[in-house]
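The sequence and structure come first.

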Amino acid sequence: MSNIEIGLWSFPALMLLIFLRMPIGLAMFATGMVGLGLINGGNAVGLAKLKTETYSTFSSYSLSIVPLFLLMGQFATLGGMSQALFRAAESWLGHRRGGVAMAAVGACAGFGAICGSSLATAATMSQVALPELKRYGYSGGFSTATLAAGGTLGILIPPSVILVIYAILTEQNIAKLFLAAFIPGILAAIGYMITIAIYVRINPKSAGTRPAMPMAERFRALVDVWPVMLVFLAVVGGIYLGWFTPTEGAAVGALGTGLIALVNGGLRGRAWLECFYATARNTAMIFFIVLGAAIYNGFLAQTQVPQELSRWVLEQGFSAWTVLTMILVLYLVFGCLMDSLSMILLTIPIFFPIVSTLDFGLGPEEFAIWFGIIVLIVVEVGLITPPVGMNLFVINSMDRETPISRTYGAVMYFVGSDILRVILLVLFPGITLGLLRLFH
């Protein structure tokens with residue numbers, strides 16, 4: 001069996017291990033090590049690569065952003081910021097038809113600006129918004145679908161852990177990727193709110209109503225979200241103004257949210273230790289997936305599979321847009337099988353060299369940033385695509401009374417909104433690159 005054949009057979013082997021419920025990081029690590037042993041006639045190369053790959057991967061200064069953003073999200077949760085965001089959004093939108101659900105999406109968008117994780121955003125906001133949605137007569141499936149979709153804004157609105165990983169893999173500027181993600185993130189939140197408005201008109205019994213709040217109370221609730229705005233402006237604004245690097249910005253954000261949580265009384269007793277423990281646990285999980293992907297992608301590089309696939313695509317004469325469409329469809333399929341981080345780490349080293357050789361009418365840097373945002377959105381769709389959307393399971397675990405089949409039915413409206421947004425951003429790259437061109 002040739003090296004290329006071994007590389008191609010590794011894909012079904014990897015999928016089999018994932019279906020057998022082996023952790024994805026371990027599945028990629030095991031497949032990569034076995035593959036290296038097969039193509040090199042022994043374990044010597046694999047063990048040597050394990051030593052060098054571990055050091056070269058985790059000595060990257062940029063990866064220190066990941067635990068800092070995760071810690072920032074932990075502090076933000078304990079600091080009461082999620083409750084303040086939801087109260088402010090609900091005070092302005094709650095009296096409208098479907099308004100409490102719209103408020104949940106708006107709060108998710110705000111929380112995503114200080115938390116780079118989709119699952120953390122979904123889990124945190126569901127604790128705040130789910131009781132309110134039930135209180136005002138929103139159906140279980142509609143409520144859980146809304147929160148699952150809103151949670152995806154955590155990885156789209158900067159700062160985003162997934163964008164940091166993509167930037168490292170493709171050697172792109174993290175700050176420019178954050179800037180490019182801003183307008184697509186706002187479009188996502190607006191699209192979800194429009195979807196909610198359509199859903200409650202098609203299914204009028206799925207949502208109740210609540211009385212409008214006095215204007216003075218609305219402004220009071222708006223004032224309460226100043227800590228979120230302060231942290232977001234300090235982190236994102238400081239990065240764009242050149243006051244500090246993205247890594248330093250993450251440290252400033254973690255410090256700021258930590259101080260706010262301390263002042264608000266959220267870090268009493270063992271809360272400090274729980275924050276650091278949760279951050280360490282999640283960081284270890286992410287880093288092990290990164291290591292597994294590094295070993296597996298190193299094995300693929302030795303088999304020449306990415307290079308051969310790229311050459312084969314060029315020989316077929318497919319148009320650039322056809323290739324891009326096929327890749328995006330594959331991401332939708334992968335979204336039903338694995339989490340967003342694993343998808344990015346597994347596929348970008350294979351797909352990015354292929355699409356980089358095609359002509360989309362953009363410069364190399366603009367293309368890399370535009371492609372990254374498109375991939376991020378499609379990965380986000382995978383988080384809520386039945387039957388194995390990760391956000392769907394996170395939300396349903398918090399609402400045992402609602403059958404997940406009802407969540408599946410309602411969430412397809414949000415999936416439709418996402419697909420329309422992907423088409424819009426693919427056809428008009430200027431939407432994604434507009435801010436980047438304006439400020440650079």
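The model is predicted: local features need pLDDT of at least 70 and side-chain atom pairs count only at pLDDT 80 or more, while totals for chains, interfaces and linings use all residues. Residues are numbered from 1 along each chain as its sequence is written, and side-chain values use heavy atoms, with hydrogens and water left out.

The protein has 22 helices and zero strands. Both are DSSP runs numbered from the N terminus (helices: H or I, at least four residues; strands: E, at least two). The radius of gyration is 22 Å, close to the 22 Å that the globule rule gives for 440 residues, so the protein is as compact as a globular protein of that length. This radius is taken over C-alpha atoms, and the rule is 2.2 Å times the number of residues to the power 0.38.

| Property of the protein | Value |
|---|---|
| C-alpha box along the principal axes | roughly 75 × 45 × 45 Å |
| Residues that count as buried | 57% of 440 residues |
| Contacts with a separation of 6 or more that join residues 24 or more positions apart | 79% |

Buried means under 20% relative accessible area, exposed over 50%, and partly exposed in between (1.4 Å probe, protein chains only). Contact means heavy atoms within 4.5 Å.

A nonpolar core is a set of buried Ala, Val, Leu, Ile, Met, Phe, Trp, Tyr and Cys residues joined through side-chain atoms within 4.5 Å. The largest core has 149 residues, and Phe86, Phe142, Leu153, Tyr331, Trp370, Phe371 and Ile384 touch the most other members. Helix H11 (residues 174-202) gives this core its largest share, 14 residues. Apart from this core lies another of seven residues, including Phe75, Ala261, Leu267 and Cys275.

Helix H10 (residues 161-170) has eight of its 10 residues buried, so H10 is largely enclosed by the rest of the structure. Among the elements covering its buried residues are helix H4 (65-78), H11, helix H15 (271-303) and helix H19 (364-382).

Serine 126 lies in helix H7 (residues 118-135) and counts as buried at 1% relative accessibility. Beyond neighbours within four places in sequence, serine 126 is in contact with Pro131, Leu147, Ile395 and Met398.
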